[in-house]
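Let's walk through a few side-chain pairings and backbone details together. Have the structure open beside you as we go.

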Amino acid sequence: MMMAAALAMQCSMLHAAEGDTISLSEKWLFKIAESAAQLPRHLETYGFDDTQWLLQKVSGTWSVPADWAMKNYAGAYRGWVMMPAEYKKRRVFLHIGYVPAVANIYVNEHFLGKTGQLAQTEFDITPYIRFDRRNLFAFSMSRYEGGEPMRAEDKTGFTTGIYIYSLPQGEAPAPAFQPVKAAAGSRVADRMSVEPYRGFLDTKQRMTEDAQLLRDLGFNAVTYNKLSSDPDFIAAARKAGLQVVSDQPLTSTAFVDADHHLVSAAYHYLPQTTFSFQNVIKNGEAEAAKRRNGGALKVKRSKRIITIKNKACTVVFDRQTGFLSRYMVDGVDLLPMSGEGGLRPTMGATLVSLNSKKQGKGQPATVSAVYDLRNGKRLTWKYTILPQGVISVSLPGLQQVSLLTSPRLNRTVFLAQDLKGETQLTSLRAPRPRVLTTTLTGADHKGMTLVGNEPLTVGQTSANSLTIEPESAHCVLTFLPK
């Protein structure tokens, strides 16, 4: 058996083209146990009684009881295969696709070895097959190898295909794919950043999408490992302009969430685009300054409200809640005049203090609202009101925001800085852009543009209500009156 294992390892990572093969991607006899120690002994032998075993599909991941979520459960497969007569006097190989865990492989009671930890594996099974009877194939694996992190959502199983193929005697198998060093200046990605690294079912479509996403994120190469070893993925990477290399990736941080939408960590790796988010704010403020010359801002305090106003704008804060409850520019109310509307944190924020400060002539006024959250944290919203009627608010701590606008603002347009530039979004279910502006206007096309200089997502919950979710630890929203 030691000689068999050595022979198998010599032939691993061959990646012959599938072509004319015997597919083993079907239902197998299957047994699962809470641990490898509880799997039946001698399951690779001819006389083993598997009449009580269930069936498990290849490709596929295992379903287990809920209370096994954090256990290192194990599974075993058994199946019988007749070899075609045309395989006689030929070299015969077993191809094992991507396996989240490391599997033990047996053919006709011979232990061939273990699957590769980094990639797919192939075994030369020529010395062990028979043509006068069925051949027994048996596999066993634990959910994890020792030392791997355990997560409740991880699964295992054969998640890509298994097949047998043959070559004429004396003909060498297709050479293994050998990753090379990345070209100088390359940005190297990890496919694990856009896919879970255990227990998912791979497809050519997902491979193509992942390769293109990594390219769009500005990477030139991808590290060779379990998730990037499939020949189909290598082909997809090349088509997308990615090298598959031996270099370590810049990061293995997840770039997508469970819905495959970009998360804030991805924004640090996005390539530059021609769209300048800061210029949107700068140009908007310049346009507001041309249209409005409101003069010096005055601050008035009463028991219930703080009012900041000049000829161009009126801004009102509720002193009991800290909410921005009124925003009027050129006599047009952009927020509701009363009630729980306006701009505010979502549920769970209690006002601690609200302070205002007036600057000199031609300078902005500032308002600071300090909140306590249910989780025990304290955060501060800082508003800056320019004499032209432009408001900016600094939102720390990834606090979700609710904005209820005036009923007259019945048209909403979302404009995103996406991977490739500036795009109008017709659906917010698309992958999250790095930044997003929202233009709210009425029938007369007057209104305001909501724009932030850190990544954020804006969702529309009703005709006049928006939720704003900052994607980074600090976000500045700027309201530009139109």
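Q: Is E109 buried, partly exposed or exposed, and what is the relative accessible area behind that label?
A: Keep in mind that this is a predicted model. E109 sits in the loop between β6 (103–107) and β7 (110–114), and its phi is near 70°, a positive value in a residue other than glycine. Buried would need a value under 20% and exposed one over 50%. E109 falls in between, so the label is partly exposed, at 33%.

Q: Which loop holds H42, a residue other than glycine with positive phi?
A: The phi of H42 is near 60°. With a relative accessible area of 48%, H42 is partly exposed. As for its place, look in the loop between β2 (27–33) and β3.

Q: What is the omega of the peptide bond from V58 to S59?
A: To find the spot, go to the loop between β3 (54–57) and β4 (74–81), where S59 lies. The bond that leads from V58 into S59 is cis, with omega near 10°.

Q: How many salt bridges does the structure hold?
A: Side chains of opposite charge can pair when their charged atoms come close. Among the pairs here are E195 with R206 and R378 with D372. The total number of salt bridges is 13.

Q: How many residues apart in sequence are the parts that E195 and R206 tie together?
A: The closest N and O atoms of this salt bridge are 2.4 Å apart. E195 is buried at 3% relative accessible area, while R206 is partly exposed at 29%. E195 belongs to the loop between β11 (188–189) and α2 (204–216) and R206 to helix α2, so the pair joins parts whose separation in sequence is 11 residues.

Q: Which residue forms a salt bridge with R408?
A: The closest N and O atoms of the pair are 2.7 Å apart. This pair links distant parts of the chain, 36 residues apart: R408 in the loop between β24 (401–404) and β25 (411–418), its partner in the loop between β27 (435–441) and β28 (447–452).

Definitions and conventions: Residues are numbered from 1 along each chain as its sequence is written. This is a predicted model: local features need pLDDT of at least 70, side-chain atom pairs count only at pLDDT 80 or more; totals for chains, interfaces and linings use all residues. Side-chain values use heavy atoms; hydrogens and water are left out. A salt bridge is a side-chain nitrogen of Lys or Arg within 4 Å of a carboxyl oxygen of Asp or Glu. Helices (H or I, at least four residues) and strands (E, at least two) are DSSP runs, numbered from the N terminus. Buried means under 20% relative accessible area, exposed over 50%, partly exposed in between (1.4 Å probe, protein chains only).
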